[in-house]
Structures are given as C-alpha cells and as structure tokens.
Amino acid sequence: MMVSKAIGFIGLGNMGFWMATNLAEKVPVNSKIHVFDIVPALVDDICRKYPDRVVGCSSPEEVADRSDIILTMLPEGKHVKAVYMGPNGICSSDIRQKLLIDCSTIDTASFLEIKEHITENFLCASFYDAPVSGGVIGAEQGTIAFFLGCAEDNTKDIQELRQLFSLMGNRLISCGGPSLGIAAKLSNNYLSGIIAIACSEAMDMGMKSGLDPRVLAQVYAAGNAQNTICDTFNPVPGVYPDAPSSNGYQKGFKVQLMKKDISLALDMARRVGSTNVLGSAGLQTYKEASEDERCKDLDSRIVFRYVLGWQRELERRVKERELRLRCTLCITPI
C-alpha cells in the first residue's frame with residue numbers, strides 16, 4: 001500500500017487527464033493531488049470530479065511547492081523544459097529531496113539538459129524519465145506500461161515508483177539508465193506507427209478482394225501477423241468497438257504527435273547509426289496527414305482514411321476534372 005503523500009500532476013491532455021484521474025481514484029485517503037494545465041477548464045473538470053482529493057494550482061511552481069512527488073505529461077521537449085526551467089517552473093521551487101518523473105515522449109537531449117540542471121542545483125532530488133505506452137484507452141483503463149530510465153537495482157526509489165505506477169498502469173519495465181526510457185519509447189512508437197500504415201494497406205487489399213475486415217482481423221490474430229494495432233487499435237472502423245477508429249478517430253494518439261515521435265525516432269537512429277528503410281516514407285505519410293484538416297487532432301490511425309480513402313477520392317476527382325477539361329477543349333471525342 002502506498003504511503004499517503006502529496007502528489008503533483010502537470011499536463012492534463014488526452015493521456016494525462018486519465019492518469020491523474022486514476023491517481024485520484026486510487027491514492028490513499030489522506031493524499032492530495034495538486035494539478036496544473038495551461039487549459040484551466042481541464043483543471044476545473046478534474047477538481048469538480050474529485051473536490052476532496054484534487055486541488056488546482058496556478059503554476060508548475062505552485063504544484064512543486066505543495067507536492068512530494070511530481071509527475072509531468074506534456075507534448076514536446078520545449079514544453080517540458082518550460083515547465084521545469086521556465087519562469088514559475090518546477091525548478092523555481094525548492095525541490096530538494098523530492099521525486100520528479102517526466103512521463104512525456106520527448107527528445108533525449110531535452111531530458112538530459114533538465115536532469116543536469118536539477119542535479120547541479122538541487123541536492124538529493126531524484127529525476128526520472130518514464131514515458132508510457134498503451135494509448136488513451138490504456139490510460140483510461142489504467143493498463144499503460146511505464147518505461148523507466150533506470151536500472152531496477154540501481155535506485156533507492158524503485159519501490160515507491162513501482163507503487164505509484166501501479167495506480168495508473170499494470171507494467172513497469174526498467175530500461176537501464178537516464179534517457180533510456182525515452183529511447184525505448186521512441187523505438188516503440190516508430191514500430192507502432194509503421195505497423196499502422198502496414199495494417200491499413202493489408203486490410204485494404206483484403207477488403208478489396210471481398211473479405212470482411214472483422215474476418216481479416218481474426219486471421220491476423222491467429223497467424224504470425226498478430227499485433228496490438230490490428231487487435232486493439234485497428235485502423236478500420238467497426239473492427240474493434242473500443243478503438244478510436246470506431247469512434248470517429250477520437251480519444252486516441254493524435255496524428256501530429258505520431259509525426260513528432262517518428263521524427264524524433266529517426267533523429268535518434270541517425271545519431272546512433274541505425275538503418276531505417278521504412279522511416280522516411282512513414283514520416284512523410286504522417287507529416288502529410290497531420291497537415292490535412294480532415295486528419296488534424298484525430299487519432300494517428302486516421303492514416304487508413306488518408307492513405308487509402310481520401311487519396312483515391314482526390315485522384316478520382318482530379319481525373320474527372322481532367323476528363324471534363326478535355327471534353328470542353330474537344331481534345332477527345334465526346
């Protein structure tokens with residue numbers, strides 16, 4: 001059982017809101033959760049839901065002042081750096097002896113810059129990278145996995161971290177050292193994003209051959225093509241009822257965030273000398289989809305619609321326009 005402590009949570013986006021909600025549901029009775037987000041309505045929502053457990057704060061600094069443990073869940077490295085080292089940031093507070101965990105998926109350089117700043121200025125503060133996997137569905141259901149940037153036998157905080165993470169997820173994987181949790185997550189998201197494109201293409205060819213997509217999903221699950229994207233996050237609407245695709249591609253991992261993560265993964269690959277045959281094509285696909293107003297802010301598996309649906313519709317319309325133009329100019333017989 002986790003000891004009652006004051007917990008801070010900064011970043012109440014699609015993932016963070018549900019992670020904080022699970023904390024509010026499961027922390028010891030006397031614990032308080034202090035929250036902050038740049039969108040006040042998100043803070044108000046969770047405070048209304050748990051008036052005796054969750055307290056809204058006006059800045060990251062206030063969260064840090066009032067908390068023993070501080071978690072951050074933010075979109076990009078620049079946001080994490082601002083929350084920790086910017087004006088009224090976490091490091092504006094005296095965070096000596098405190099436990100800090102960043103669950104964001106960012107570039108390793110930003111994390112290491114923050115860690116160096118904390119190490120130099122706050123004796124005995126502990127700062128870990130622990131990005132998560134499992135999507136919004138996993139965050140809501142409390143089944144996400146944490147990739148901890150530390151060797152399990154090399155931290156005094158492991159028991160407390162294990163207890164804390166168990167309130168929000170069901171798995172902790174120790175990845176070896178500072179920033180290696182992020183490296184693991186970028187590798188994971190690169191694979192997930194590429195699989196989503198491959199799954200979309202495979203489903204499309206099967207469906208065009210006359211197969212029901214639900215039957216195709218069963219085939220993949222029974223064979224060596226089995227994977228979580230096909231099983232739980234299938235990009236084809238109607239295959240898996242709880243998947244974002246079956247719910248208007250809402251409440252998922254935004255397509256622009258997938259573009260960001262694959263870009264970061266390819267940067268990491270270049271830095272370490274890794275070869276990525278599929279990376280450039282995958283990144284270009286997510287870049288184009290993230291800039292399409294029909295896809296923006298929707299779940300990244302919207303690539304099924306972008307690559308295989310809307311693109312063909314656009315090509316059809318272009319051909320129709322060309323035909324009408326030829327007819328008008330009498331280039332071809334009518």
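The side chains of Lys156 and Asp157 form a salt bridge, with an N to O distance of 3.1 Å. A salt bridge here is a side-chain nitrogen of Lys or Arg within 4 Å of a carboxyl oxygen of Asp or Glu. Asp157 is buried at 8% relative accessibility, whereas Lys156 is exposed at 67%. Buried means under 20% relative accessible area, exposed over 50%, and partly exposed in between, with a 1.4 Å probe and protein chains only.

The model is predicted, so local features need pLDDT of at least 70 and side-chain atom pairs count only at pLDDT 80 or more, while totals for chains, interfaces and linings use all residues. Residues are numbered from 1 along each chain as its sequence is written, and side-chain values use heavy atoms, with hydrogens and water left out.

The structure holds 15 salt bridges. One of them joins Lys5 to Glu160, whose closest N and O atoms are 2.7 Å apart. This pair links distant parts of the chain, 155 residues apart: Lys5 lies in the segment before strand 1 (7-10), and Glu160 in helix 7 (residues 158-166). Helices (H or I, at least four residues) and strands (E, at least two) are DSSP runs, numbered from the N terminus. Lys5 is partly exposed, its relative accessible area being 29%.

Another salt bridge pairs Asp204 with Lys208, the closest N and O atoms lying 2.8 Å apart. Both residues belong to helix 8 (residues 180-208), and because they are four residues apart, about one helical turn separates them. Asp204 is buried at 12% relative accessible area, while Lys208 is exposed at 53%.
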